[in-house]
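Student: I have a model open and want to go through parts of it with you. Can we take it residue by residue and then look at the metals?

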Amino acid sequence: MTLAQFAADVAWKSLPLLGLIMLAGLAERRWPAEAQRWRGRAVNLGCMAVYVLGFALLQQGTAALTVLAVNGAGGGWLALPADGWHLLPSFLVYTLVLDLGEYAFHRAQHRIPALWAMHSLHHSDTAMNATTTDRHFWLEPGIKMVTLYLAVGLLFKPDPVIVGMYAVLGLYNVVPHMNVRWGLGRAAFLINTPQFHRLHHSMLPQHYDCNFAGLFPVFDLLFGTYRQPAAGEYPPTGIAGGDVPAGVLEVLAWPLRGRLRKNGG
Ligand SMILES: [Zn+2]
Ligand SMILES: [Zn+2]
């Protein structure tokens, strides 16, 4: 496969995500949580292009390594079939365990300085909306592949249908990033919502280290990081000092931006 074919393939696979982000944009215009300028979306889409296109190459390499390691260990430990009545329990087990893994990885991203140096790019958005979903540093999927996804690969041998269903469910990640007024009040523990996840992205110190959940806030409840949003609570988002990437170079080298700035005068 040539690089152009590879890029076209990645772009093609990103179409459902882009479609969903556009749909979300319509709702964000109608019911915005805060007034935002459209320029921020261009920065996010640029970050996303770097993330999903250019460095899908890296993910490709680490995915191959992960598959090799899993095959070397004799395949996943627990089979998750998708035939007949197996489908629903298999899907539930796979989804719950992966979401727990995502929760743990996310806690590590905030706890370990080297991981936070990358994850802070996601948090640096001072105008969070659906386009923030894939505003991530390009190296992160590679790290996830050789840690979280390797562990899940060793644990489970899922039917490809289960993996496909989980990938579709993963598109839900767009929803909690939307700039809309939607929360579930006292039922906030049921599923991640824009209001619940906004507290995780909050710039205010009283909100630091809460609401790490990907899909199910029940993991925040279980591990003591749950914070139920108050009625009408939609705090400003961003990292301390409002630090944002100054250009494409800083998106590409986000963890090294301090040095770049010093050298640049
Ligand atoms: Zn985070
Ligand atoms: Zn987020």
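Student: Asn211 to start: buried or exposed?
Tutor: Asn211 is buried, because its relative accessible area is 0%. Buried means under 20%, exposed over 50% and partly exposed in between, with a 1.4 Å probe and protein chains only.

Student: What are the ground rules for these values?
Tutor: This is a predicted model, so local features need pLDDT of at least 70 and side-chain atom pairs count only at pLDDT 80 or more, while totals for chains, interfaces and linings use all residues. Residues are numbered from 1 along each chain as written, chains are lettered from A and ligands numbered from 1 in the order written, and side-chain values use heavy atoms, leaving out hydrogens and water.

Student: Back to Asn211. Where does it sit?
Tutor: Asn211 is in the loop between H10 and H11. Helices are DSSP runs of H or I with at least four residues, strands are runs of E with at least two, and both are numbered from the N terminus.

Student: Is its phi positive or negative?
Tutor: Asn211 is not a glycine, yet its phi is positive, about 55°. Most residues other than glycine have a negative phi.

Student: Which other residue in that loop has a positive phi?
Tutor: Asp209, with a phi of about 60° and also not a glycine. Asp209 lies in the loop between H10 and H11.

Student: Now the metals. What holds the zinc ion (ligand 2)?
Tutor: Its protein donors are the NE2 atoms of His122, His177, His197 and His201, at 2.1 to 2.2 Å. A donor is an N, O or S atom within 2.8 Å of the metal (3.2 Å for Na, K and Ca); water is not among the atoms, so sites may look incomplete.

Student: What geometry does that site have?
Tutor: The site of the zinc ion (ligand 2) is irregular, with angles of 90 to 172° among its four donor atoms. For reference, four donors count as tetrahedral if all angles lie between 85 and 135 degrees; four count as square planar and six as octahedral if opposite donors are over 155 degrees apart and all others between 65 and 115; anything else is irregular.

Student: How are those donors spaced along the chain?
Tutor: For the zinc ion (ligand 2) the spacing is H-x54-H-x19-H-x3-H.

Student: How accessible are His106 and His200?
Tutor: His106 has 10% relative accessibility and counts as buried. His200, at 6%, is also buried.

Student: How far apart are the two zinc ions?
Tutor: The zinc ion (ligand 1) and the zinc ion (ligand 2) are 5.7 Å apart.

Student: What does UniProt annotate over residues 91-225?
Tutor: An unreviewed UniProt entry gives "domain: Fatty acid hydroxylase" for residues 91-225. UniProt positions are in the numbering used here, feature names are shortened, and annotations may be inferred rather than shown by experiment. In the model, residues 91-225 are 51% helix and 2% strand, and their end C-alpha atoms lie 26 Å apart.

Student: Which residues are listed as "transmembrane region"?
Tutor: The unreviewed UniProt entry lists 6-27, 48-73 and 85-105. Residues 6-27 are 95% helix and 0% strand, with 33 Å between the end C-alpha atoms.
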